[in-house]
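I set out to record what I looked up in this structure. The entries follow the order in which I consulted it.

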Amino acid sequence: MRIVVAEDSAIIRAGLAEILADRGHVVVAAVGNAEDLQSAVDKHHPDAAVVDVRMPPGYTDEGIRAAIAIRRDHPGTGVLVFSQYIETRHAANLLGAASGSGAAGVGYLLKDRVGDVSEFVEALSRVAAGGTALDPEVVTQLLRASRRADGLGALTAREHDVLALMAEGRSNGAIADTLVISERAVEKHVANIFSKFSLTPSETDHRRVLAVLRYLGPGPADPLPDHPGSRSS
Amino acid sequence: MLRSPSPNPDGLTSQQGDETMQPPTRPAPWIARSISTEFGRRHVRGVAITRLLVAIAAVTVGSILCVSGQWWGALLFVPAALNLWFAYLMPRWKRALDDLKSGPRVRELERSRALVVEDAAARLRRIEQDLHDGAQAQMVAVVMKLGLARDRLGNAVAESGQRDLERVLELVDAAHRGAMEAITELRDLAHGIHPPALAEGLGAALAALAARSDLPVDLDLDLPERPSAAIEVIAYFCAAELLTNAAKHSGARHVTLETTHHPGLVRLRVSDDGSGGARIAAGGGLVGLADRVKTVDGRLHVASPAGGPTVVTIELPSHA
């Protein structure tokens with residue numbers, strides 16, 4: 001894969017480059033802010049971009065805004081956002097924008113996950129291939145938020161596990177292996193999840209995950225605020 | 001300072017189970033400020049009352065004597081006047097002078113306290129940023145390197161099957177796990193020092209807080225302008241503590257978090273449908289909140305009758 005890395009910490013930037021090179025990928029550009037990220041992606045058209053959320057100048061959500069813009073302008077570039085903290089709102093905005101554009105190709109992970117090199121590189125490959133890679137923590141928080149918003153029938157523990165693994169980007173076969181159940185059982189759980197959310201199951205794995213997560217998150221109707229204040233209820 | 005604080009903001013103060021943390025009641029105007037203990041105040045009060053009674057007795061007896069033609073009875077008016085002066089008028093006069101002198105000083109103290117409070121908030125924010133850019137980033141880099149080392153060693157062990165390499169792999173694996181735990185601990189620590197979500201404003205931070213809460217939280221935010229950094233931090237930590245309390249102690253099924261910011265006043269209200277009975281008691285979490293709120297002359301009001309519901313209202317000025 002050809003990859004652009006955007007991370008303001010030089011030491012993490014170097015670490016990422018080392019990991020990716022070790023696994024045979026090419027880091028075509030490593031930049032320290034969102035503006036340089038945009039121009040690097042415009043120039044190199046990489047397969048994937050790894051983007052830190054907090055970057056100069058504001059150190060708030062520059063990475064998320066950049067990620068959404070990249071997904072809009074470069075459908076061929078998957079974006080894996082990684083962050084020191086999980087902010088459900090950021091994840092929901094990213095997913096909302098991704099599902100709005102009709103393709104997945106997004107991921108949102110805690111920074112610590114890079115410690116597990118193989119899993120991190122796998123997640124990046126999934127995102128580059130148009131899939132999803134979501135931190136389990138994000139799924140848990142989104143599910144919690146949905147319970148309160150709609151009083152939906154809560155998912156069973158098993159269905160929750162299946163959805164979390166789906167959101168991480170795994171196939172039915174992989175989910176079955178992880179949970180040590182049959183693939184038929186996984187399919188049944190997936191069907192239940194969809195009926196609980198009154199969604200029509202779609203054909204591809206990525207589309208179905210996005211459908212669920214899009215449904216759970218606030219979605220594109222809740223744009224990132226440009227002003228410091230906000231009003232919601 | 002609270003601009004025109006309303007003494008009874010909710011119309012709830014008369015209900016059972018109501019508590020409001022406010023500054024201690026002002027002593028009577030004839031007790032000098034320098035007398036600060038309850039014992040001292042009681043003593044002064046006792047002496048003053050005795051003097052007053054003596055003065056009344058002297059005036060009464062003097063008047064009777066005067067009326068009955070004994071002119072020297074008027075002499076009794078002198079000790080009466082002296083007693084009245086010492087017991088009541090002199091302290092009052094002194095106090096008025098004190099106030100005149102201390103007014104500017106109080107204002108100066110308020111100003112310097114505001115500076116200290118804002119400075120402390122800014123300092124904590126810098127510490128969190130330094131942690132994020134320094135120790136946290138370093139640890140992530142360490143974890144990446146250890147992850148790489150572990151994978152390579154794993155391959156080498158699988159190929160060669162050497163015992164000492166296996167031992168090294170175990171060590172690297174343990175170091176990797178320890179470093180991962182350290183990252184989690186650092187993250188929690190940094191979050192406790194200054195919640196990073198506040199960078200995007202109090203509204204965003206409270207929304208994130210509500211998303212993490214164990215209980216369903218209804219959020220009602222009206223924050224057209226940002227209060228000062230120190231006030232945002234106090235409001236955030238109060239909301240966090242109150243949501244935790246509601247989830248832990250009240251048995252509530254639902255919580256509402258309202259936060260408004262209107263000229264000069266930030267009002268944060270957390271209501272739950274739990275069992276009530278929350279008290280501002282020594283050693284309790286609410287005392288800690290009350291103390292924190294008082295550092296900026298804010299107010300904490302708890303309405304929590306037995307059986308619920310519990311409504312905690314916190315009022316803060318826009319600036320420390």
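Predicted model: local features only at pLDDT ≥ 70, side-chain atom pairs only at ≥ 80, totals over all residues.

Residues are numbered from 1 along each chain as its sequence is written, and chains are lettered from A and ligands numbered from 1 in the order in which they are written.

I looked up the elements of chain A and found ten helices and seven strands; these are DSSP runs, helices (H or I) of at least four residues and strands (E) of at least two, numbered from the N terminus.

I turned to the chain pair: 31 residues of chain A are in contact with 38 residues of chain B. On the side of chain A that touches chain B, H1(A) gives the most, with five residues.

I next examined H8 (residues 172–179) and H9 (residues 183–196) of chain A, whose axes come within 8 Å and cross at roughly 110°. Axes are lines fitted to C-alpha atoms, for helices over the stretch in contact, and angles run from 0 to 180 degrees between N-to-C directions. H8(A) and H9(A) are therefore roughly perpendicular to each other, a term for angles of 65 to 115 degrees. I recorded that Asn172(A), Gly173(A), Ile175(A) and Ala176(A) in H8(A) meet Glu183(A), Val186(A) and Glu187(A) in H9(A).

Technical notes:
Contact = placed C-beta atoms within 7 Å. Parallel < 35°, antiparallel > 145°, perpendicular 65-115°, else oblique.
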